[in-house]
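Welcome, and please open your viewer.

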Amino acid sequence: MSALASDVPIQTRRSAPNSAAQRLLHLSAQAWCALALVGQGLMAVYVIGFYGRAALEGDFERWNQVLFNGHVPGDGFGNAALALHLALAVLIVIGGALQLLPVLRRRAPALHRWTGRAYLLAAVVLAVGGLFLVWTRPSLSGTASDLGVSFNALLILLFAAFALRAAMARRIDSHRRWALRLFIAVSGVWFFRVGLMFWLIVNQGPVGFDPETFRGPFLVCLGFAQTLLPLAVLELYLRAQRSHSLALSGSAVAVLLAGIGITAVGQFGAAVMLWLPWL
Ligand code: HEM
């Protein structure tokens, strides 16, 4: 989110008070963004190191040590869709980081446009492929949880369309807002893992779901919260950035600082429990 503040159009910048609260808002957004990019980078390293290595060795069965469905013998199309999904998961993490770098947008706008197009395409294929995998293969967490991640996929498609439309119409401020919403929605599956690990650490074990069946009300709520909660924080941030209200900026800073704490704990848990053991 560091890009958020530095990409504010001049017009908006002038109207915003140059207060300590605004600087704090900018810094906390930058700090959260840096933390998130490190965590998403770790997830990408895990995908390459585990799924990529197994694929290179021709041992696709190894994917099933982690995934509920994974490599299903006889389901060539589904397996290919999953392989594409995993490859794009890595590319979209790299693309997201590149798109957020302000220096790249300023110094190499053509590169920003091309990586932007690739990012949009990857987001659409990930969302459509994810929907295909969720609704054509046996369900891991039940229909309610599947609806949560499908809602995430629909928002990805919607935000991608709005971000593209605004860019084509050269409405840069609007494009920035929709692109940031898209980045947050695309990060939904990562938010799910961070949220789950935070919950496990804070409660010292599983609460609100059965770890054996991976079903329960907490997981259903998390399936929707993975998209809605971070989007709500982004909206607060965007409003605070344009506002003269100290109360609004202060609230946004407080929420972002809480977000940094939750992300740091959850990400540590995800790295230690979900990703590093498979490398
Ligand atoms: C757009 C960003 C997305 C990224 C970066 C992403 C990334 C990943 C990763 C890394 C995995 C491997 C899971 C693991 O090892 O923990 C995975 C699996 C999977 N993803 Fe996604 N995904 C995205 C979106 C979606 C969406 C929107 C859906 C559903 C609508 C979805 C459905 C699935 C399914 C069904 C699996 C296989 C799960 C299993 O069989 O256990 N993904 N994804």
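Begin by selecting His85, which sits in helix H4; helices here are DSSP runs of H or I of at least four residues, numbered from the N terminus. You are looking at a predicted model, where local features need pLDDT of at least 70, side-chain atom pairs count only at pLDDT 80 or more, and totals for chains, interfaces and linings use all residues. Residues are numbered from 1 along each chain as its sequence is written, and side-chain values use heavy atoms, with hydrogens and water left out.

Now show the ligand's iron atom. Its single donor from the protein is NE2 of His85, 2.1 Å away. Donors are N, O and S atoms within 2.8 Å of the metal (3.2 Å for Na, K and Ca), and sites may look incomplete because water is not among the atoms.

Next, select the 23 residues around the ligand; Tyr46, Tyr51, Phe68, Asn69 and His85 come nearest. A residue belongs here if one of its heavy atoms lies within 4 Å. This shell divides into 17 nonpolar, 5 polar and 1 charged. Color by helix, and you will find H6 giving the most, with 5 residues.

Finally, select H3, residues 20-56: its 37 residues reach 52 Å from first C-alpha to last, close to the expected 54 Å, which is 1.5 Å times one less than the number of residues. After H3 comes Gly58, with a positive phi near 75°.

Definitions and conventions:
Helices (H or I, at least four residues) and strands (E, at least two) are DSSP runs, numbered from the N terminus. Ala, Val, Leu, Ile, Met, Phe, Trp, Tyr, Cys and Pro count as nonpolar, Asp, Glu, Lys and Arg as charged, and the others, Gly among them, as polar.
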